[in-house]
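Work through these exercises with the structure open. Try each task before you read its solution.

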Amino acid sequence: MPLTIRSVTRQDYDQWLPLWDGYNAFYGRSGPTALSGEITRVTWQRFFDAYEPVHALVAESDGHLLGLTHYLFHRSTTAIEPSCYLQDLFTTEAARGKGVGSALIQGVYERAKLAGSPRVYWQTQETNLTAQRLYDKVAERSGFIVYRKIF
């Protein structure tokens with residue numbers, strides 16, 4: 001399967017949206033718990049705003065989008081260079097196990113290096129064992145536990 005990892009374009013919206021919806025549904029954000037249309041609209045617009053640190057890559061094969069990843073750069077108190085946070089990663093069910101997720105992660109690694117970022121990091125749910133099998137191959141576990149408080 002010829003696969004291209006590239007930055008998202010405005011013309012990708014109609015194929016990006018089902019991937020975004022699938023990603024959110026995986027994490028329980030669908031139906032009554034779905035993200036608002038405003039969040040989706042603003043997220044999409046951020047990818048094309050030069051002042052935003054939020055970026056998107058897609059995996060494409062034969063004109064079809066098979067996956068997406070969203071990442072952002074931010075400052076840190078422990079480094080001068082920007083840190084890269086891989087926030088979202090999703091592939092179609094048919095693309096799973098075929099290297100699409102790994103290729104998207106590698107695409108983020110490449111863009112982070114170009115931006116001068118010395119590290120890429122992300123988090124996943126404890127129960128997402130399928131994803132963890134991939135992540136254990138392409139990165140190392142940090143040993144940190146994530147805490148949060150939602151207001």
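**Exercise 1. Which residues does threonine 4 touch, not counting residues up to four places away in sequence?**

Solution. First, the ground rules. This is a predicted model, where local features need pLDDT of at least 70, side-chain atom pairs count only at pLDDT 80 or more, and totals for chains, interfaces and linings use all residues. Residues are numbered from 1 along each chain as its sequence is written, and side-chain values use heavy atoms, with hydrogens and water left out.

Step 1. Find threonine 4 in strand S1, residues 4-7. Strands (E, at least two residues) and helices (H or I, at least four) are DSSP runs, numbered from the N terminus.

Step 2. Look for contacts, meaning heavy atoms within 4.5 Å. Threonine 4 touches Val58, Ala59 and Glu60.

Step 3. Threonine 4 has a relative accessible area of 40%, so it is partly exposed. Buried means under 20%, exposed over 50%, and partly exposed in between (1.4 Å probe, protein chains only).

Step 4. Compare with threonine 40, which is 36 residues along the chain from threonine 4. Their C-alpha atoms are separated by 24 Å.

**Exercise 2. Describe how H1 and H2 cross, and list the residues that meet.**

Solution. Two packed helices are described by the angle between their axes and the distance between the axes.

Step 1. Take helix H1 (residues 13-26) and helix H2 (residues 37-46): their axes come within 12 Å and cross at roughly 125°. Axes are lines fitted to C-alpha atoms, for helices over the stretch in contact, and angles run from 0 to 180 degrees between N-to-C directions.

Step 2. Name the arrangement. H1 and H2 are therefore oblique to each other. Angles under 35 degrees count as roughly parallel, over 145 as roughly antiparallel, 65 to 115 as roughly perpendicular and the rest as oblique.

Step 3. List the contact. From H1, Tyr13, Trp16, Leu17 and Trp20 meet Thr40, Thr43 and Trp44 of H2. By class, this contact of H1 with H2 has five nonpolar, two polar and no charged residues. Ala, Val, Leu, Ile, Met, Phe, Trp, Tyr, Cys and Pro count as nonpolar, Asp, Glu, Lys and Arg as charged, and the others, Gly among them, as polar.

**Exercise 3. How many aromatic pairs does a search of the whole structure find?**

Solution. Step 1. The search finds 16 aromatic pairs. Rings of Phe, Tyr and Trp (its six-membered ring) pair if their centres lie within 6.5 Å; planes under 30 degrees apart count as stacked, over 60 as edge-to-face and the rest as tilted.

Step 1. Tryptophan 44 pairs edge-to-face with phenylalanine 47, at 6.0 Å centre to centre and 80° between the planes. Tryptophan 44 is buried at 9%, and phenylalanine 47 is buried at 11%.

Step 2. Tryptophan 44 also pairs with phenylalanine 48: the centres are 5.0 Å apart and the planes at 65°, so this pair is edge-to-face. Phenylalanine 48 is partly exposed, at 23% relative accessibility.

Step 3. Ring pairs join these residues in a cluster that includes Trp44, Phe47, Phe48 and Phe90.
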